[in-house]
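Have the structure open in your viewer and keep the selection tool at hand. The stops below are taken one at a time.

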Amino acid sequence: MSASPSAASVAKRVIRAAHSAAASLVRRVVLATLAAAILPALAAWLGKRLVDAVVAGERSDAIWLLGAEAVVMVLLAVALQGAQLTKRLLGLRLGDTLRGRIASKASSLTLATLETPRVQDQLTRSRKQAGSRPMLYVERLLSIAKGALALAVAGTLLAGVHPVALIVVMLAGAPALLVTFRFARRHHDLEGRRTAMRREQSYLENVLSREDHAKEVRLLGIGDSLLRRWRTGANTLYGEQSELHRRESRAVTIAGAIGTVLFYGAYFGVVAMAVERVISLGEMTMALVLFRQAQSGVQSVVLGLGQLAQDQLYMADLFAFLDRPSPRDDVGLTAGPLPGDGIRLENVSFSYPGTEGEVLRDIDLHLPPGAVVGIVGQNGSGKSTLLKLILGLYEVDAGRITLDGLDLRQWNRRALWRRVAAVFQDFARYKLTIDENIELGDVSETEPVTRASIASGADEVRALLGGERRLGRSFPGGTDLSGGQWQKLALARAFYRESADIRVFDEPTAALDAITEAKVFDQIYSEPGAMTLVVAHRVAVLRRADEIVVLHEGKIAERGTHRSLLESGGRYAELFALQAESYVPA
Ligand code: ADP
C-alpha cells in the first residue's frame with residue numbers, strides 16, 4: 001500500500017518515466033501546480049489586509065490590495081489552465097512512452113516467459129491501461145502535493161490567527177485518512193484475489209465479440225449460454241465490490257462528518273474571537289477562507305492517497321512486467337568451429353516450462369547441409385516442439401543441439417535467426433499489404449517478390465488482388481484471404497529469405513490445393529546446401545527426403561528413407577498404405 005517501500009519506489013519510477021517521456025512538460029506541470037496551491041492562500045491573505053484597510057478607512061491601501069488580489073486571481077486562472085494543458089500533453093507522451101516500452105519488452109521475452117499465465121496477465125493488464133493509468137497516477141501525485149502544500153500554507157497563516165486552529169486543521173483530516181487507507185488495502189486485496197476471474201470474464205467477452213469466433217458462436221447457438229456464464233461472473237464480481245463500496249461509503253460519511261464538526265467548532269471559535277475583538281474582522285474573513293482551503297487540501301490529500309493505493313496494483317504490475325529480464329540476442333558466438341557440420345541433436349529431452357511430462361525424449365538427429373529431413377507422427381507426438389527447439393526458441397532440458405559444432409545456447413541469437421526461414425503451422429497473418437507480407441521475410445532484401453511468389457503460388461493471390469492490396473477487414477479498403485491464400489503468403493515469405501540455410505516447414509501445404517502443393521515441394525527439394533526440415537501428415541510428399549523420422553509419444557519410433565521404411569513394414573508403411581488407400585476410388 002501507499003506507505004510501504006514498494007509504493008515509494010513505484011511513485012519514483014512513475015516520476016522517472018514521466019521525466020524521460022517529456023522533461024520540460026513535467027517541469028511546467030509542477031510549476032503550475034505549485035502556483036495553483038499557493039495563490040489561493042495569497043489571495044486570502046490579501047483579502048484580510050483589504051478588509052482591515054477598509055475598516056481602518058485607508059483608501060489607497062484598499063485600492064492597491066484589491067488590484068493585487070485581482071492580479072493574483074488572474075495568475076491563478078492562468079496557472080490552472082496551464083496545469084490542465086500540460087497534464088493533457090504529458091498524458092499523451094507518457095502513454096506513448098510506456099506503450100512503446102511494453103511492446104518492446106513483450107517482443108524481446110523468450111517464448112517460455114511469454115507463455116506463462118502470470119506474464120500474460122501482466123501483459124494484458126499493462127497494455128490495457130498503459131494509455132491512461134500512469135498519467136492518472138501522476139495527477140494523483142500532483143494533487144496530493146498540491147493539497148499538502150495548500151494545507152501547509154493555509155495552516156501556517158491560520159497558526160498566526162490562533163495556534164489551536166492549526167491543530168484543528170490537522171485533526172479534521174485524520175479520520176478520513178484512516179478510513180481511506182483501510183479501504184484502499186481492502187480494494188487492493190479484493191482486486192488481487194479476482195484477477196483470474198476478471199481474465200475469465202474478458203475471455204468470454206472476447207469469444208462473444210471477436211470475428212474469429214463469430215461463425216461458431218452463431219452456428220452452435222452458444223451465445224446465450226456463454227452470456228449467462230458471463231452474467232453470473234459479473235454478478236459475483238459486482239456483489240463483492242458493491243458490498244465493499246457500501247461499507248466504504250458509510251465509513252467515509254462518518255469520517256467526513258467528524259471532520260466537518262471539528263471545522264465548525266473552529267469556525268465558532270474564530271467568530272467568537274472576532275466578536276470579542278481578539279482578532280480583526282480581516283483576520284476572521286481570512287480564517288474562514290483558509291479553513292475552506294485547508295479542508296479542500298485535506299480532501300485532495302486523502303482522496304489522492306486512497307486512489308494512489310488502489311492504482312498500486314496496476315502500476316506495480318506494469319513495472320514488474322517491464323523488469324522481466326530479456327535475453328540479449330546480440331551476445332554469443334556468430335560462427336561454430338565446424339562449418340558445414342549442420343545441425344545435430346544429441347540425446348535431447350524437453351518439457352515445456354511450468355508443465356509436467358516430457359514432450360520429447362532422447363532424440364538424436366543429424367541434419368547436414370543439403371539434406372531434407374521429414375518428420376512424421378500423430379498429433380501431439382512432439383513434431384512442432386522439435387522444430388522450435390532446433391530454432392533455439394526454447395532451451396533443451398537434457399542433451400544438446402549444435403549448429404556447426406557449437407551448442408545452440410552459445411550462439412548469438414541474431415546470427416542464428418538470420419540463417420532461418422520458417423513456416424509454422426500457426427504462421428503469422430500480417431494485416432499489411434500482400435507484398436509486405438512477403439517482403440517481411442527479409443527486411444534487408446531489395447529484390448522484387450516475384451520469384452518467391454511464383455514458387456509458393458502467391459503469384460495467383462497477387463494477380464487477383466494486386467500486391468498493394470491491404471489485408472485485414474478492419475482497415476479501410478482491406479480484404480481478407482482464404483486459409484490457403486494466407487499459407488501461400490507465409491511460404492512466399494520463407495522463400496523470399498534466400499540467404500537462409502536452415503529451412504523449417506511445419507505442415508507447409510496443409511491448406512493448399514494439390515497443384516500448388518507439388519510446386520511448393522519442388523521448391524523445398526531444390527535448395528542446394530540448405531538444411532531442411534519438413535513436418536508432413538501426407539507422407540507421400542516426403543518420398544524424396546534424405547531421411548524420414550517417425551515420432552511417437554515424444555520418441556523416435558522409426559527412421560530411414562521412404563523406401564527403407566516401407567520395406568521394414570512399420571508405422572510409416574502402415575500410414576502410407578492407409579493414405580494410398582484413401583485415394584483409391586471405392
Ligand atoms: P505435434 O506438432 O506433433 O502435433 P506438438 O509438438 O505441438 O505436437 O505438441 C507436443 C505436446 O506438447 C502436446 O502434448 C502439447 O499439448 C504440448 N505443447 C505444445 N505446445 C505447448 C506449449 N507452448 N506449452 C505447453 N505445452 C505445449
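Select Arg-99 to begin; with a relative accessibility of 42%, Arg-99 counts as partly exposed. Keep in mind that this is a predicted model.

Side chains of opposite charge can pair when their charged atoms come close.

How many salt bridges does a search of the whole structure find? The search finds 24. A few other stops show some of them.

Next, select Glu-200 and Arg-229. Their side chains meet in a salt bridge at 3.2 Å, N to O. Glu-200 is in helix α7 and Arg-229 is in helix α9, so this pair ties together parts that are 29 residues apart in sequence. Glu-200 has 36% relative accessibility and counts as partly exposed.

Stay with helices α7 and α9 for the next stop. Select Ile-167, Leu-171, Ile-254, Ile-258 and Leu-262, which make a nonpolar surface patch of about 440 Å². Helices α7 (163-209) and α9 (223-275) each supply at least two residues of the patch. Which helix gives the most to the patch? That is α9, with 3 residues. Pick out Ile-258, which is placed in helix α9.

Move on to helix α10, residues 281-322. This helix has 42 residues and reaches 58 Å from its first C-alpha to its last, close to the 62 Å expected at 1.5 Å a residue. Where does α10 bend by about 40 degrees? Select Gln-312 to see the place.

Then select Asp-317 together with Arg-118 and Arg-125. These three residues are linked in a network of salt bridges.

For the last stop, select Arg-544 and Asp-522. They form a salt bridge whose closest N and O atoms are 3.2 Å apart. Arg-544 lies in the loop between β8 (531-535) and β9 (547-552), while Asp-522 lies in helix α17 (residues 514-525), so the pair ties together parts that are 22 residues apart in sequence. Are these two residues buried or partly exposed? Arg-544 is partly exposed, with a relative accessible area of 47%, and Asp-522 is partly exposed at 42% relative accessibility.

Key: Residues numbered from 1 in each chain as written. Predicted model: local features only at pLDDT ≥ 70, side-chain atom pairs only at ≥ 80, totals over all residues. Heavy atoms only, no water. Patch = residues over 30% accessible without salt bridge, like charges linked within 9 Å, V, L, I, M, F, W, Y side chains within 5 Å. Areas by Shrake-Rupley, 256 points an atom, 1.4 Å probe, with all protein chains shown as cover. Salt bridge = Lys/Arg side-chain N within 4 Å of Asp/Glu carboxyl O. Helix = DSSP H or I, 4+ residues; strand = E, 2+ residues; numbered from the N terminus. Expected span 1.5 Å × (residues − 1). Bend = angle between axes of the 7 residues up to and from the residue. Buried < 20%, exposed > 50% of the residue type's maximum accessible area, 1.4 Å probe, protein only.
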